[in-house]
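The following paragraphs walk through a predicted model. They begin with confidence and then turn to the helices and some of their residues.

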Amino acid sequence: MSAKVLNVITSASLIALIALCVAWELWLAPQRPGGSWLVLKVLPLMPAVFGILHGKRYTHKWMTLLIVAYFIEGAVRAYSDKGLSAQLAGVEIVLSIILFAGAVLYVRRSVDQKK
């Protein structure tokens with residue numbers, strides 16, 4: 001795959017992860033009725049949106065470190081939660097794996113294409 005395709009995959013998974021986390025904590029299955037302060041977990045992802053959308057290699061690099069926290073949160077909640085929340089945690093796991101793989105492969109391809 002080309003670096004451009006990998007950047008699109010990474011961008012789409014980042015935006016989907018942000019949308020999932022907001023919907024999850026406000027409407028779909030919040031910790032408390034009416035919404036949860038856990039929606040603030042999307043804030044660390046927000047600075048990355050511009051860099052990922054514009055194909056900045058440095059942003060892809062540090063995103064690989066940050067996304068591990070979302071994978072871990074998804075794994076813990078998939079194991080401990082029940083019902084819809086556990087299913088949403090599974091989606092979070094999948095999106096974080098896609099984002100991680102896309103970011104790592106994008107960095108590799110963009111370096112290879114510069115040579």
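The protein has a mean pLDDT of 94, and 98% of its residues reach 70 or more; pLDDT is the predictor's confidence in each residue, on a scale from 0 to 100. Helices (H or I, at least four residues) and strands (E, at least two) are DSSP runs, numbered from the N terminus.

This is a predicted model, in which local features need pLDDT of at least 70 and side-chain atom pairs count only at pLDDT 80 or more, while totals for chains, interfaces and linings use all residues. Residues are numbered from 1 along each chain as its sequence is written, and side-chain values use heavy atoms, with hydrogens and water left out.

Helix H2 spans residues 46-53, and its buried residues are Ala48, Val49, Gly51 and Ile52. Buried means under 20% relative accessible area, exposed over 50%, and partly exposed in between (1.4 Å probe, protein chains only). The cover over these residues of H2 includes helix H1 (3-28) and helix H3 (57-80). After H2 comes Gly55, which has a positive phi, near 70°.

The axes of H1 and H2 come within 10 Å and cross at roughly 160°. H1 is therefore roughly antiparallel to H2. Axes here are lines fitted to C-alpha atoms, for helices over the stretch in contact, and angles run from 0 to 180 degrees between N-to-C directions. Angles under 35 degrees count as roughly parallel, over 145 as roughly antiparallel, 65 to 115 as roughly perpendicular, and the rest as oblique. The crossing of H1 and H2 is left-handed; a crossing is left-handed if the near helix is turned anticlockwise from the far one by less than a right angle, and right-handed if clockwise. H1 contributes Asn7, Thr10, Ser11, Leu14, Ile15 and Ile18 to the contact, and H2 contributes Met46, Ala48, Val49, Ile52 and Leu53. Contact means heavy atoms within 4.5 Å. By class, the residues of this contact of H1 with H2 are 8 nonpolar, 3 polar and no charged. Ala, Val, Leu, Ile, Met, Phe, Trp, Tyr, Cys and Pro count as nonpolar, Asp, Glu, Lys and Arg as charged, and the others, Gly among them, as polar.

Ser11 lies in H1 and counts as buried because its relative accessibility is 8%. Leaving aside neighbours within four places in sequence, Ser11 is in contact with Ile52 and Leu53. Its C-alpha is also 9.5 Å from that of Phe50, 39 residues away in sequence.

H1 meets H3 as well: their axes come within 13 Å and cross at roughly 40°, so H1 is oblique to H3. On the H1 side the contact is made by Asn7, Thr10, Leu14, Leu17, Trp24 and Glu25, and on the H3 side by His60, Met63, Ile67, Tyr70 and Arg77. This contact of H1 with H3 has 6 nonpolar, 3 polar and 2 charged residues.

Ser13, also found in H1, is buried at 4% relative accessibility. Beyond its neighbours within four places in sequence, Ser13 is in contact with Leu95, Ile98 and Leu99.

Ala89 is found in helix H4 and is buried, with a relative accessible area of 0%. Apart from neighbours within four places in sequence, Ala89 is in contact with Trp24, Gly74, Arg77 and Ala78.
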